[in-house]
Amino acid sequence: MSQTPAQHVVLLVGSNKPAGTSTSEALGRYLLDQLEPHGFDTTVLFTNRVSHEGKGVTTLLDACDQADVLIVASPLFADTLHALTILALERITAHRTSATRTSATMPKPCQLVGIMNSGFPEAAHNQLALDSLRCFAQQAGFTWAGGLALGGGQALRGQHLDKIKGMARHAVRALELTASALAAGQPIPQQAVDTMAQPIISPWLYTFMGSIGWLVQGAQQDALRKLWDKPYQDEAASSK
């Protein structure tokens, strides 16, 4: 009796932080951990290693050619994806849509999943980046399986979600729901999207802790008394 071939999932991490230290990687790896019991083989790649010409790009394109699921997990930079992540996606698009491809070399069907996290407490700030990933899926010939958006992601500090299940309980639940859907060949369910979007901590506490952190950094840089300076306002007033 023949066995069903294992499916392959590729995690592309769009953070520039060292391996093992980013929230993007922590979220992506937890999803991989949930997919492995369903018979998925897994590969983890980092955009700052595979976006430039050479062996890294070859590794990226070969992995995507073999993937049944591609997960792009990235932090938000202003309101979009990091430049190296965009470059990696452009290379994938050019590879998959090359005019030199024949019917025998066409890439196999592959689902695309987006996982975005931002420093803003509201998950909605990630929407533009997820829309960009959806457009990438359409242009590169992926099946868009949906995206998850997390606000206040730096509160997780890149820790493995198993170690902080209390704080990360919504993310954990959302990723488990996502894994079950992907294993069944289905898109991300709305319940998972809504669960991931729930705040890690209350917005007022997040803002309060951020303000405290700002004061601590000011003190460490011997700039505490300068935090309320308005040099550009004073310059504008003197030029009138």
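## Pockets

On a 1 Å grid over the protein atoms alone, a pocket is an open set of points with protein on both sides within 12 Å along at least five of seven lines, and its lining residues have an atom within 4 Å of a point. The structure here is a predicted model, in which local features need pLDDT of at least 70, side-chain atom pairs count only at pLDDT 80 or more, and totals for chains, interfaces and linings use all residues. Residues are numbered from 1 along each chain as its sequence is written, and side-chain values use heavy atoms, with hydrogens and water left out.

Which residues lie nearest the centre of the largest pocket? They are Gln154, Ala155, Tyr206, Met209 and Gly210, out of 13 lining residues. The volume of this largest pocket is about 280 Å³. A volume is the space filled by probe spheres set on the grid points, which are joined across faces, edges and corners. By class, the lining of the largest pocket has seven nonpolar, five polar and one charged residues. For these classes, Ala, Val, Leu, Ile, Met, Phe, Trp, Tyr, Cys and Pro count as nonpolar; Asp, Glu, Lys and Arg count as charged; the others, Gly among them, count as polar.

The second largest pocket has a volume of about 150 Å³. Its lining includes Ser15, Lys17, Ser22, Thr23 and Ser24. Pro75, Asn117, Gly153 and Gln154 are also among the lining residues. Here the classes are one nonpolar, nine polar and one charged. Gln154 lines the largest pocket and also the second largest pocket.

## Overall build

The protein has nine helices and five strands. Both are DSSP runs, numbered from the N terminus: helices are H or I with at least four residues, strands are E with at least two. From the N terminus on, the order is β-α-β-α-α-β-α-β-α-β-α-α-α-α. Along the principal axes, the C-alpha atoms fill a box of roughly 75 × 45 × 30 Å.

How many of the 240 residues count as buried? The share is 42%. Buried means under 20% relative accessible area, exposed means over 50%, and partly exposed lies in between (1.4 Å probe, protein chains only).

## Salt bridges

A salt bridge is a side-chain nitrogen of Lys or Arg within 4 Å of a carboxyl oxygen of Asp or Glu. The whole structure holds three of them. One joins the side chains of Arg29 and Glu25, at 2.6 Å from N to O. Both residues sit in helix α1, four residues apart, about one turn of the helix. Is Glu25 buried or exposed? Glu25 is buried, because its relative accessible area is 5%. Arg29 has 33%, so it counts as partly exposed.

Another salt bridge pairs Asp68 with Lys108, at 3.5 Å from N to O. This pair links distant parts of the chain, 40 residues apart. Asp68 is in the loop between α3 (55-66) and β3 (69-75), and Lys108 is in the loop between α4 and β4. Asp68 counts as buried because its relative accessibility is 15%. Lys108 is partly exposed, at 31%.

Arg134 and Asp131 also meet in a salt bridge, at 3.6 Å from N to O. They lie three residues apart in helix α5 (residues 127-140), about one turn of the helix. Arg134 has a relative accessible area of 38%, so it is partly exposed. Asp131 is partly exposed too, with 26%.

## A nonpolar surface patch

Trp204, Phe208, Met209, Ile212, Leu215, Val216, Leu224 and Trp228 make a nonpolar surface patch of about 840 Å². Patch residues have over 30% relative accessible area and no salt bridge; like charges are joined within 9 Å, and nonpolar side chains (Val, Leu, Ile, Met, Phe, Trp, Tyr) within 5 Å. Accessible areas come from the Shrake-Rupley method with a 1.4 Å probe; for residues, only the protein chains shown count as cover.

Take Leu215, which sits in helix α8 (residues 203-220). Leu215 counts as partly exposed because its relative accessibility is 34%. Met209 belongs to the patch, and Met209 is also one of the residues nearest the centre of the largest pocket.

## Two loop residues

Glu36 is in the loop between α1 (23-35) and β2 (40-46). Its relative accessible area is 41%, so Glu36 is partly exposed. Glu36 and Ala179 are 143 residues apart along the chain, yet their C-alpha atoms are separated by 9.3 Å.

Ala99 is in the loop between α4 (83-96) and β4 (111-117). Ala99 counts as exposed because its relative accessibility is 79%. From Ala99 to Leu76 is 23 residues in sequence and 33 Å in space, C-alpha to C-alpha.

Conventions:
On a 1 Å grid over the protein atoms alone, a cavity is a set of points where a 1.4 Å probe fits but cannot get out, and a pocket is an open set with protein on both sides within 12 Å along at least five of seven lines; lining residues have an atom within 4 Å of a point.
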